[in-house]
Amino acid sequence: MRIVFMGTPDFARDSLDALYNSDNEIIAVVTNPDKPKGRGMKELASPVKELALEKGTNIYQPIKVRGNEEFLQEMKAMQPDLLCVVAYGKILPKEILEVPKYGSINVHGSLLPKYRGAAPIQWAILNGDKETGITTMFMDEGMDTGDMILKEKISISEDETTGELWDRLSKIGAKLLVDTVCKINDITKNNKEITLEELKMKIGAEKQGEDFTIAPMLDKEMAKIDWNKSAIEIKNLVRGLNPIMGAYSYLNDKKIKLWKVEALSERCEDKQNGEIITANQKDGLKIKTGDGIISVLEIQGENSKRMDIKSFLNGNQIDVGSIL
């Protein structure tokens, strides 16, 4: 099939790579414009663009797609069979979605209709979910509201971070996208003039219910730890923001980030929430929460690097009784 691929981060790169290794033709890749990063603010290409450059594929990087008549005409001129969209980063208008002959397909990082929106993987961890998965769907004008095609469910371990789950789901999403494209190809190869509605019926596409949750973009304000919350809630915050930004608190007016913690079942009612209970090589760093205790396993001091708690305590004095 003649495919235009739209995507930006490493999550999308895995899907693009899988399509390159399938019996399909990638006629163009659309990704976000290069962004300045690092101390030198050098403009860097997205992971999707890097792969497309390696493969010699035509690349488009429109600043905007809505109301972009030039880009719309370029899309029409390519006459794609399918548009495959994976974490592109922009909402696509109806006129773009309707260009491909057999519709526009999206890979979404949740078991729809749960977690519609920009950050489904992160919110699954933040909310302490036990399972999640990938859904492929036909795109429509709504945000992740299209008819579902294939799903794959996986369990989430109690210590898994957003970064770890992201990597697992990117591989599953890549496989499911290729499987979806293959199903569409099998149906259309002997019926080139099939309509999109007929295709949806033959492939068994399923409409979504109304029991959904919005998974908005994360913001920096949510990263500050509220020590009045439960140990599990704080652990899920730490897991959910690893490696994106890190959950943080202040100790003696200095910012510390927590990257890995353990929620303990023991209680400590005579201490204040956020109080340091232990801070030594034997017992580690333990902090009182709203309903129990967390033990810090990986930490980052202000203007320092991430390290395990024993290494941190070797070079940093933390007084028992201090309040975070």
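Which side chains meet in a salt bridge at 3.8 Å, N to O? In this predicted model, the pair is R2 and E25. Local features require pLDDT of at least 70 and side-chain atom pairs pLDDT 80 or more, while totals for chains, interfaces and linings use all residues of the predicted model. Residues are numbered from 1 along each chain as its sequence is written, and side-chain values use heavy atoms, with hydrogens and water left out.

A salt bridge is defined as a side-chain nitrogen of Lys or Arg within 4 Å of a carboxyl oxygen of Asp or Glu. By this rule, 17 salt bridges are counted. The R2–E25 pair links distant parts of the chain: R2 lies in strand β1 (residues 2–7) and E25 in strand β2 (residues 25–30), 23 residues apart. Helices (H or I, at least four residues) and strands (E, at least two) are DSSP runs, numbered from the N terminus. R2 is partly exposed, at 29% relative accessible area. E25 is also partly exposed, at 44%. Here buried means under 20% relative accessible area, exposed over 50%, and partly exposed in between (1.4 Å probe, protein chains only).

K207 and D147 form another salt bridge, with the closest N and O atoms 3.4 Å apart. This pair too links distant parts of the chain, 60 residues apart. K207 sits in the loop between α7 (196–203) and α8 (231–240), and D147 in the loop between β8 (131–138) and β9 (148–155). K207 is exposed, at 62%, whereas D147 is buried, at 11%. In the D186–K189 salt bridge, the closest N and O atoms are 3.8 Å apart. D186 is partly exposed at 47% relative accessibility, and K189 is partly exposed at 43%.

Three aromatic pairs are present. Rings of Phe, Tyr and Trp (its six-membered ring) pair if their centres lie within 6.5 Å; planes under 30 degrees apart count as stacked, over 60 as edge-to-face and the rest as tilted. Y60 and F71 have ring centres 6.4 Å apart and planes at 65°, so this pair is edge-to-face. Y60 belongs to strand β5 (residues 59–60) and F71 to helix α3 (residues 69–78). F71 is buried, at 2% relative accessibility. Y248 and Y250 are likewise edge-to-face, with centres 5.8 Å apart and planes at 85°. Y248 is buried at 12%; Y250 is partly exposed at 36%.

Charges also sit over rings (NZ of Lys or CZ of Arg within 6 Å of the ring centre and within 35 degrees of the ring normal). The charged end of K255 lies over the Y248 ring, 4.2 Å from its centre. R306 lies over the face of W259, 4.1 Å from the ring centre.
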